[in-house]
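Me: Got a model to go through with you. Can we take it piece by piece?
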Amino acid sequence: MSEETRKRLSRRKFVTLTGGAVVASGILAACGDNTATTAPATTAASAATTAAASTTAATSTTAAATSAAAATSAAAATSAAAATTAAAAGTTAAAGTTAVTGTTAAVTTAVAGSTADFKTSKSGYKGNLDYWALGYAPGGGNVFSKSSDSAAAAFMKANPDIKVTITGYTPDNAGFAKVVNAVQSGSGVDAFRIPNDSLPTLIQQGAIAPIDDYLTAEDKTDILPNLFDLVKVNGKLYAWPLWVPPVGMYMNLDIFKEKGVDLPPKTWTYDQFVDIAKKLTFSRGNDKVYGFSALFDPGGVDSWPFILSDGALPLSPDNTKYTWNTADAYSGLKKITDLALVHKVTPPDFGTQKQDDLLTAMKNKLQAMWTRPSGDAGTLTQAGLNIDIWPIPIGKSGKPISAGGVGLIAVTPNKDTAKQKAAMDLARYLTSPQVEKDVPGYYLAPSARKSVTVVSPYNKFTDIAPTAWITPSIPSWTQIRTLIHPNIQNAVFGKMTPEQALSQPADEINKLLAQK
Amino acid sequence: MADTNLTQVNSPAAQRTNPLVLFLRKYGWGYVFVLPSFLAFGIFTFIPVIWAFIISFQDFRPRGGGDWVGLQNYRDAFTTQNGVFLEALKNTIIYAVVTVTANIFIGLFLASLLQPLSNKFQTFFRAAYYLPAVTSAVIIAVTWRWLFNTQWGFLNFLLGLIGAAPVRWLSDPDIALQSIILSTVFTIPAAGVVLFNAAMNSIPKDFYEAADLEGAGPIRKWWSITLPLIKSTTLYVVVLYTIASFEVFEKVYIMVPSGVGNSTQTIVTQIYQTVFSQFRYGVASAQAMVLFVIVVSFAVIQFRFFRSDVEY
């Protein structure tokens, strides 16, 4: 064998060995227990998204708290508690009404007996806790950020050995994707805010720690029992319920005044709503003011109350069948599409507007009415806007129906038991009545605890909460909502009839629901 | 010194040494120097691609491994959401064909305009044209979103000046994709201009002088001399832009974050949605593999079409 041939063979052997080692390590890594890596298929997309998401987060002004520290009455507390219970129960006003009497006594007891120490962690943990908060912008970028910073500061003051670092994410599909991705990566998140409909997937993946061992007897009596059903899997509870933010109708009162339109009764109908929206759609100099708009995003249900208003719910009560392929659902969707296509009371970009566009339009008094969960009430009030909150107009069902989810704080599993307990203590504190005492206005929606009373303007949602249909806590919901969303948009654009839009995804959704 | 080395290699002791040792002795430092970039490629590109390929056959869970599901993910990739992936494929191909063609022509045109200028002016314009490439894609997308705003966007303001009705650039499903394409076409193809300009400047002046003597005009010279002699650069730019076009994501994601029905879905936005909204890693990996095959196929076709044996 010549020297040249031997060299060539050696080179080949080296390249083959090196290549083989890399492939083998990749395969081994892929087959092994991956606890710290996300799906590599989407590496490029992920990187791009991170950049995008952080930019959005930086400019976004979302859920916010009010600085008003006025104490609310016991009646309000009762109302809030009752409202939340009914909302968790799930579906209609009828359910809400039933729940009211059941919770009144419990509220009184809880308020009187709420002397527990929520703030001091007995974990013995020394170090950092990473808390991901929805709507948070670093440096007190909005009022919610300030209250989150204050809450974290209060916790750290009571536990000098623990440092809490807060990371924000936006309250939309992109934001939820960001936090879920971080949680799935298994590092950098100890506790995080998450809506109930995103929770089951994470539980399924083993990314959430059960809270049962950390719940006290007082927690069990104070937290509305029906909310536990939304976080329970195989008999274990997986997150600390925080609040129930229902979608309400934001009324831009200065525009009502400008056009001399009286506020309707709170039991207003869809026809009354359309009539008002038409009156409040007009030109003001070079600007056009529109009567109504809403966000359409796969991660939200802002426009859904109209679709629900004729009595059709998306899924059967046991979440095993798609039920929006009915006449009541079609007529409900038609209520939304007519606003754009028939009554012309919506902006030209209706259906594709971003949250920031809508918030800006409200602030600039270019939009009279807006369906939105409670969080933005504080932002608008802080901006000096004269707003009030009304229930969703009544449809064929004959009763007001809203939509919403349950805000939760979940904790990731940690082998360090002290750190795990510290994270649980933080989550417990951030969902406690104590945090509202320390940071008045912390709660942006009716609370999940009977002992918490929320302040204005969020208390305006307490009567709406009992009417809210709550997004289901099932793993397939994240897929189902992305099947429904583009079709609702296409109906709004006039590219699909309401029948086509809501009946087309039925088969695929039913298949998803049939999967175990 | 050279004689000494020769003696060492040819000595009986050296011949008995392991060939791998000999190989490393001769080329080892070279491999040490390329090792960092080789490792980076292996860890961040090669292994993820292999891993994605494996996951595309699994019902993958980030914290719990995955069960093998055969080709089910590939079937699901095309059938899920009423076959939206096919629509995403169609949209991406339209986007790629239009934007790559436009970028190549605009790049060639601008580079040709720069070619006769003095070095000083060429440098200035190259820097100016390269500005979009060093600007964040997110900022460009946000700017375009504002330009396209139906109510207070600049484009509709211009249309208003001539009495035209406002256009719903990003909210009409019939034109939303075209609007995104327009934003790409109107953004100077920075890399194309710079590469074409460099390639044109490297063509020997003798060819143009000979053509002048033959009485060839500027267009004839451009067609018969410039274009053929920058064919290898054209190949590179076409492949570069084709891959970038098939991977279009941030522009769509920023300009229409909630989508416009499915009219603006592209392959990567669909992959993003499948994995980050639906958490279906296996299906998303299958879709990514389909994208990989498409991009490789296009690259191979382009290499065959544009390959050049011309040397100068």
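Me: Among contacts in chain A between residues at least 6 apart in sequence, what percentage join residues at least 24 apart?
Reply: In chain A that share is 78%. Contact here means C-beta atoms, placed from the backbone, within 7 Å. This is a predicted model: local features need pLDDT of at least 70, side-chain atom pairs count only at pLDDT 80 or more, and totals for chains, interfaces and linings use all residues. Residues are numbered from 1 along each chain as its sequence is written, and chains are lettered from A and ligands numbered from 1 in the order in which they are written.

Me: How many helices and strands does chain A have?
Reply: Chain A has 20 helices and 14 strands. Both are DSSP runs numbered from the N terminus: helices are H or I with at least four residues, strands are E with at least two.

Me: And what part of chain A is buried?
Reply: 58% of its 516 residues. Buried takes 20 or more other C-beta atoms within 10 Å of a residue's own, exposed 12 or fewer, partly exposed in between; C-beta atoms are placed from the backbone.

Me: Which domains does the assignment give for chain A?
Reply: Domain 1 is 106-245 + 405-462, and domain 2 is 247-404 + 476-514. The bounds come from an automatic or database domain assignment. In chain A, the C-alpha centres of domain 1 and domain 2 lie 29 Å apart. Their contact takes 18 residues from domain 1 of chain A and 18 residues from domain 2 of chain A.

Me: New topic. At what angle do helix 18 and helix 20 of chain A pack?
Reply: About 175 degrees, with the axes of helix 18 (residues 477-493) and helix 20 (residues 506-514) of chain A 10 Å apart. Axes are lines fitted to C-alpha atoms, for helices over the stretch in contact, and angles run from 0 to 180 degrees between N-to-C directions. Helix 18 and helix 20 of chain A are therefore roughly antiparallel, the label for angles over 145 degrees.

Me: Which residues make that contact?
Reply: Q479(A), I480(A) and L483(A) come from helix 18 of chain A, and E508(A), I509(A) and L512(A) from helix 20 of chain A.

Me: Now P200(A). Buried or exposed?
Reply: P200(A) is buried, because 21 other C-beta atoms lie within 10 Å. P200(A) sits in helix 7 (residues 199-204) of chain A.

Me: What does P200(A) touch?
Reply: Not counting residues up to four places away in sequence, P200(A) touches V233(A), S473(A), I474(A) and P475(A). P200(A) and W477(A) are 277 residues apart in sequence, yet 8.9 Å apart in space, C-alpha to C-alpha.

Note on methods
Two residues are in contact if their C-beta atoms, placed from the backbone, lie within 7 Å. Angles under 35 degrees count as roughly parallel, over 145 as roughly antiparallel, 65 to 115 as roughly perpendicular and the rest as oblique.
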